[in-house]
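Welcome, and please open your viewer. We will go from one selection to the next and look at what each one holds.

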Amino acid sequence: MSKSPATRARPLSPHLTVYRPPITMTMSIIHRITGGALYFGTLLVALWLMAAASSQATFDWVSWAFGTWLGRLILFGYTWALMHHMLGGVRHLVWDTGAGLEKHSASKIAWATLAGSILLTLLIWIAGYMARGA
């Protein structure tokens, strides 16, 4: 049997060039990714604590590694992942109460999660640099 012309002309849906994921879906995916990233970042915290408990030379080496541009970038990303995952958890706690489940409210809360995580990360790093200079 041959396919009718109407069937052949139909586009596949949803197509990546047409479909735009909602912010709530995007934040849910990022929440899962940041949860995984926290495992690796927590290993870095454990490494730092083990270095602090061992010799001065080991601690100096780990401190040097964390002080490089790559180390600071990784620590900045860990800070953002921690803040984003925390705020995502708060978002889910709010939803567990039955509040904010409407589409418009859920989208606003999702955007607030993203903005809040960026703001908190910047504030933490600014406070850290101010305390370091004092």
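**First stop: helix α5**

Select residues 103-133, which form α5. Its 31 residues should span 45 Å at 1.5 Å a residue, and the end C-alpha atoms are 45 Å apart, so the two values agree. The expected span here is 1.5 Å times one less than the number of residues in the helix. Helices are DSSP runs of H or I with at least four residues, strands are runs of E with at least two, and both are numbered from the N terminus.

Before you go on, note that this is a predicted model, in which local features need pLDDT of at least 70 and side-chain atom pairs count only at pLDDT 80 or more, while totals for chains, interfaces and linings use all residues. Residues are numbered from 1 along each chain as its sequence is written, and side-chain values use heavy atoms, leaving out hydrogens and water.

Now pick Ala 106, Ala 110, Thr 113, Gly 116, Ser 117, Thr 121 and Trp 125, the buried residues of α5. Buried means under 20% relative accessible area, exposed means over 50%, and partly exposed lies in between (1.4 Å probe, protein chains only). What do these buried residues pack against? Show α2 (23-53) and α4: the buried residues of α5 pack against both.

**The nonpolar patch**

Next, select Met 86, Val 90, Val 94, Leu 119, Leu 120, Leu 123 and Ile 124, which make a nonpolar surface patch of about 550 Å². Both α4 and α5 give two or more residues to the patch, and α5 has the largest share, with 4 residues. Leu 119 is one to click on in helix α5. Nonpolar side chains (Val, Leu, Ile, Met, Phe, Trp, Tyr) are joined within 5 Å, and like charges within 9 Å.

**Over to Leu 75**

Move to helix α4 (residues 69-96) and centre on Leu 75. Leu 75 counts as partly exposed because its relative accessibility is 24%. Leaving aside residues up to four places away in sequence, Leu 75 touches Phe 66 and Trp 125; contact means heavy atoms within 4.5 Å.

**Zoom out**

Finally, show the protein chain, with its 5 helices and 0 strands. Buried residues make up 21% of its 134 residues.

Methods
Patch = residues over 30% accessible without salt bridge, like charges linked within 9 Å, V, L, I, M, F, W, Y side chains within 5 Å. Areas by Shrake-Rupley, 256 points an atom, 1.4 Å probe, with all protein chains shown as cover. Salt bridge = Lys/Arg side-chain N within 4 Å of Asp/Glu carboxyl O.
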